Amino acid sequence: NQLADKVALVTGASSGIGKAMALFYAREGAKVVVSDIAEDKGQQVVEEITRMGSEAIFVKADVSNPQDCEQLVQQTVNVFGRLDIAFNNAGIGGESNPVGDMSIEGWQKVININLNSVFYCMHYQIRQMLQNGGGAIVNNSSILGQVGFANSSGYVAAKHGVVGLTKTGALEYASKGIRINAIGPAFINTPLITNLGEETLQALVKMHPIGRLGEAEEVAELVVWLSSPKASFVNGAYYAVDGAYLSQ
Ligand code: NAD
């Protein structure tokens, strides 16, 4: 139980990587705040954690709305008294089009949900963490926080932005006991991509030297470590978890 007595918040925790992460934090002994816009599926994650004998609550929050992000941290403190760990993970795939055809709305939507949200969340999380003497934040970027991907300009720009925000936050709060890191998963077997159809999925598999897609649990293993005291000297870093995708 690496995270006994810690309070951990996960956004986008109703599905995929966020759900896996909520379960991992609970397994490591943390009290977990499961947050998402998808309420029913989020409540199911809470029930699963309760069945494991751990504590969790669901808080509905749209991370593209700053008031929701503020209220999410407030609810966390109201119920569990503090905030030690945050995994800023909620995100969407966004519109698929080259820059000349990408709609203005499509661009703004993915920047709001995948980038602005991380700033809003960090803004309120950091203020709270300073009050309880420190903490650890992990932001879910992507391999597309390091390289481009055709027809995904908004997503790629947002994920690169998350890496910049992570590094800058780490510089600002390193001396105050808050560590802020980013992770870069390659394509992971979650509803975000499994809706793409068999042909596209096979093409994606071929892009990974390891010869398969990743699993949410393989990402969660990295995030647990980054969130734990074992990673005490790791700060402002970007860790790929990508089956060698970025080594090409
Ligand atoms: P997913 O679709 O399974 O889960 C995403 C969750 O985010 C959903 O439960 C959804 O309801 C929630 N969400 C969407 N918009 C939201 C909003 N405005 N406010 C709050 N919650 C919202 O997808 P996933 O693959 O688990 O993705 C999680 C994160 O991982 C995303 O940031 C994604 O960009 C990133 N990522 C995914 C992959 C991949 O291949 N699956 C690869 C790299 C990075």
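Select Ala244, which sits in the segment after strand 7 (238-241). Its phi is near 75 degrees, a positive value in a residue other than glycine. Is Ala244 buried or exposed? Ala244 has 12 other C-beta atoms within 10 Å, so it counts as exposed. Keep in mind during the tour that this is a predicted model.

Now go to Asp5, in the segment before strand 1 (7-11). Asp5 is not a glycine, yet its phi is positive, at about 70 degrees. Asp5 is exposed because 10 other C-beta atoms lie within 10 Å, and a residue with 12 or fewer falls in that class.

Next, show the whole protein chain as a cartoon. How many helices and strands does the protein chain have? There are 8 helices and 7 strands. The radius of gyration of the chain is 17 Å, close to the 18 Å that the globule rule gives for 248 residues, so the chain is as compact as a globular protein of that length. Along the principal axes, the C-alpha atoms fill a box of roughly 45 × 35 × 35 Å. Of the 248 residues, 45% count as buried. Take the contacts between residues at least 6 apart in sequence: 71% of them join residues at least 24 apart.

Colour the chain by confidence. The average pLDDT of the protein chain is 98, and 100% of the residues score at least 70. For the complex, the predictor gives an ipTM of 0.99 and a pTM of 0.99.

The inside comes next. Select Val10, Met21, Ala22, Tyr25, Val32 and Val34, the residues with the most contacts inside the largest nonpolar core, which has 69 residues. Helix 4 gives the most to this core, with 9 residues. Keep Val10 selected and look around it. Which residues does Val10 contact, leaving aside its neighbours within four places in sequence? The list is Gly18, Met21, Ala22, Tyr25, Val32, Val33, Val34, Ser35, Phe87 and Asn89.

Move to helix 4 (residues 104-131) and pick Ile111 within it. Ile111 has 18 C-beta neighbours inside 10 Å, so it counts as partly exposed. Ala158 is 47 residues from Ile111 along the chain, but the C-alpha atoms of the two are separated by 5.5 Å. Beyond the neighbours within four places in sequence, the contacts of Ile111 are Asn116, Gly154, Ala157 and Ala158.

Stay in helix 4 and select Gln108. Gln108 is partly exposed, because 13 other C-beta atoms lie within 10 Å.

Finish at the ligand. How many residues surround the ligand? The shell holds 27, and the closest are Gly12, Gly16, Gly91, Thr190 and Leu192. Colour the shell by residue type: 13 of its residues are nonpolar, 12 are polar and 2 are charged. Then highlight helix 1 (16-27) and helix 6 (191-194), each of which supplies at least two residues of the shell.

Conventions:
Residues are numbered from 1 along each chain as its sequence is written. This is a predicted model: local features need pLDDT of at least 70, side-chain atom pairs count only at pLDDT 80 or more; totals for chains, interfaces and linings use all residues. A residue is near a molecule or strand if its C-beta atom, placed from the backbone, lies within 6 Å of it. Helices (H or I, at least four residues) and strands (E, at least two) are DSSP runs, numbered from the N terminus. Ala, Val, Leu, Ile, Met, Phe, Trp, Tyr, Cys and Pro count as nonpolar, Asp, Glu, Lys and Arg as charged, and the others, Gly among them, as polar. A residue is buried if 20 or more other C-beta atoms lie within 10 Å of its own, exposed if 12 or fewer, and partly exposed in between; C-beta atoms are placed from the backbone. Two residues are in contact if their C-beta atoms, placed from the backbone, lie within 7 Å. pLDDT is the predictor's confidence in each residue, from 0 to 100. A nonpolar core is a set of buried Ala, Val, Leu, Ile, Met, Phe, Trp, Tyr and Cys residues joined through C-beta atoms within 7 Å. The radius of gyration is taken over C-alpha atoms; the globule rule is 2.2 Å times the number of residues to the power 0.38.
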